[in-house]
Amino acid sequence: MIEFKNVSKTYAGSNVTVVNDLTFEIPDGDICVLVGPSGCGKTTSMRMVNRLIEPTKGEILIDGQKNTSMSGTQLRRKIGYAIQQTGLFPHRTIADNIGTVPGLLGWDKDRIKSRADELLDLVGLPPNQYRDRYPAELSGGQQQRVGVARALAADPPIMLMDEPFGAVDPITRDRLQNEFLRIQEDIKKTIVFVTHDIDEAIKMGDKIAILKEGGILAQYDTPENILVNPASDFVQSFVGGDRVLKRLSLTRVGDVDLEPANGSGENLPRINEGWTLRDALSEIIGAGADRGVVVTDGESNGGSRGTITLDSIRKISHGAETPRG
């Protein structure tokens with residue numbers, strides 16, 4: 001667990017407070033997303049966890065111990081760190097980049113190589129194809145995957161991620177988000193994730209901390225509760241007027257009760273059970289239909305599980321029905 005206790009940051013000389021009295025807890029295994037407009041202190045807040053920036057007031061506890069109980073260097077070797085620009089060393093191979101922190105911790109070469117291969121597999125980059133390449137030989141999306149692998153290399157219990165998918169195109173970004181959520185299902189790290197994009201925050205976060213100018217915490221809650229019950233006009237404005245649609249992005253098609261499939265449904269759009277209700281809504285409307293055939297994940301041409309209708313999506317979006325779970 002990570003605990004912020006009355007944490008503030010004021011820069012000497014300017015007397016400008018960039019983080020103001022933050023108090024909240026991040027449970028073990030959760031992704032907490034810090035989101036807000038530019039200059040609201042979200043990156044500063046994250047960097048105070050691993051002491052790249054020191055707070056002016058308050059304290060940050062990790063599993064009940066102050067993060068000042070060890071040196072900053074020791075602390076940072078126990079916390080994974082992934083950033084937007086990846087920060088890969090251009091003159092080192094992909095395997096060597098991933099092995100940076102394990103090397104500093106004194107791991108032997110065979111253990112480092114094995115860990116690098118394991119992580120390349122985990123992020124979808126076959127080791128035989130990628131371990132001996134250099135960063136310049138990879139696409140932006142592939143470099144982001146390596147950045148995540150490097151952050152995981154020493155198997156840290158905590159990861160800090162500063163807009164890790166912000167420098168790639170929207171399609172690649174969506175794939176990276178999905179891939180990371182899949183990985184998180186297995187590794188269950190405690191993650192502080194910074195973004196300026198509320199849609200990304202809603203998709204990625206178990207908890208969301210919305211900050212406003214001056215580093216003030218406007219609301220800390222689950223994505224669902226923030227969408228249903230914004231705590232202030234600022235939060236409501238920041239989340240946007242399409243809160244109903246954003247809420248649909250929290251639920252997968254496979255998690256709702258479906259209607260029986262009647263007939264072949266040949267002329268109906270195919271809806272993958274792994275899609276969000278927002279994706280399903282877009283596909284059905286785009287096809288000019290009132291329902292879609294839900295198919296088993298990965299089987300777009302078969303494996304029908306039933307149908308989902310516009311009416312059922314509408315009822316869920318307005319809280320008239322609750323997804324099963």
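Me: In which loop of this model is glutamate 163 found?

Reply: The model is a predicted one, and in it glutamate 163 has a phi near 45 degrees, a positive value in a residue other than glycine. Most residues other than glycine have a negative phi. At 15% relative accessibility glutamate 163 counts as buried, and its place in the chain is the loop between E7 and H8.

Me: Is aspartate 63, which has a positive phi although it is not a glycine, buried or exposed?

Reply: Aspartate 63, with a phi of about 50 degrees, lies in the loop between strand E4 (57-62) and strand E5 (65-66). Its relative accessible area is 56%, and since exposed means over 50%, aspartate 63 is classed as exposed.

Me: What kind of pair do the rings of phenylalanine 165 and phenylalanine 193 make?

Reply: The structure holds 5 aromatic pairs, and in this one the ring centres are 6.0 Å apart while the planes stand at 55 degrees. Planes under 30 degrees apart would count as stacked and those over 60 as edge-to-face.

Me: How many residues apart in the chain are phenylalanine 165 and phenylalanine 193?

Reply: Phenylalanine 165 is buried at a relative accessible area of 1%, and phenylalanine 193 is buried at 0%. The former sits in the loop between strand E7 (158-162) and helix H8 (170-187), whereas phenylalanine 193 belongs to strand E8 (residues 190-195), so that the pair links distant parts of the chain, 28 residues apart.

Me: Which strands are the edge strands of the open sheet?

Reply: The open sheet is formed by 6 strands with mixed pairing, in the order E6-E7-E8-E3-E9-E10. Within that order, strand E3 (residues 31-35) and strand E9 (residues 207-212) pair in the parallel sense over 4 bridges, with leucine 34 opposite alanine 209 in E9. Each edge strand pairs on one side only, and these are strand E6 (79-83) and strand E10 (216-221).

Me: What angle does the direction of helix H1 make with that of E7?

Reply: Helix H1 (residues 42-49) packs on the sheet and touches E3, E6, E7, E8 and E9. Relative to the direction of E7, the direction of H1 makes an angle of about 155 degrees.

Me: Which residue takes a positive phi in the hairpin of E1 and E2?

Reply: Strand E1 (residues 2-11) and strand E2 (residues 16-26) run antiparallel and are joined by 7 bridges, with isoleucine 2 standing opposite isoleucine 26 in E2. The hairpin has 4 residues between the strands, and the positive phi, near 95 degrees, is that of glycine 13.

Key:
Residues numbered from 1 in each chain as written. Predicted model: local features only at pLDDT ≥ 70, side-chain atom pairs only at ≥ 80, totals over all residues. Heavy atoms only, no water. Phe/Tyr/Trp six-rings, centres within 6.5 Å; stacked < 30°, edge-to-face > 60°. Helix = DSSP H or I, 4+ residues; strand = E, 2+ residues; numbered from the N terminus. Buried < 20%, exposed > 50% of the residue type's maximum accessible area, 1.4 Å probe, protein only. Pairing = 2+ DSSP bridges. Contact = heavy atoms within 4.5 Å. Axes fitted to C-alpha atoms, helices over the stretch in contact; angles between N-to-C directions.
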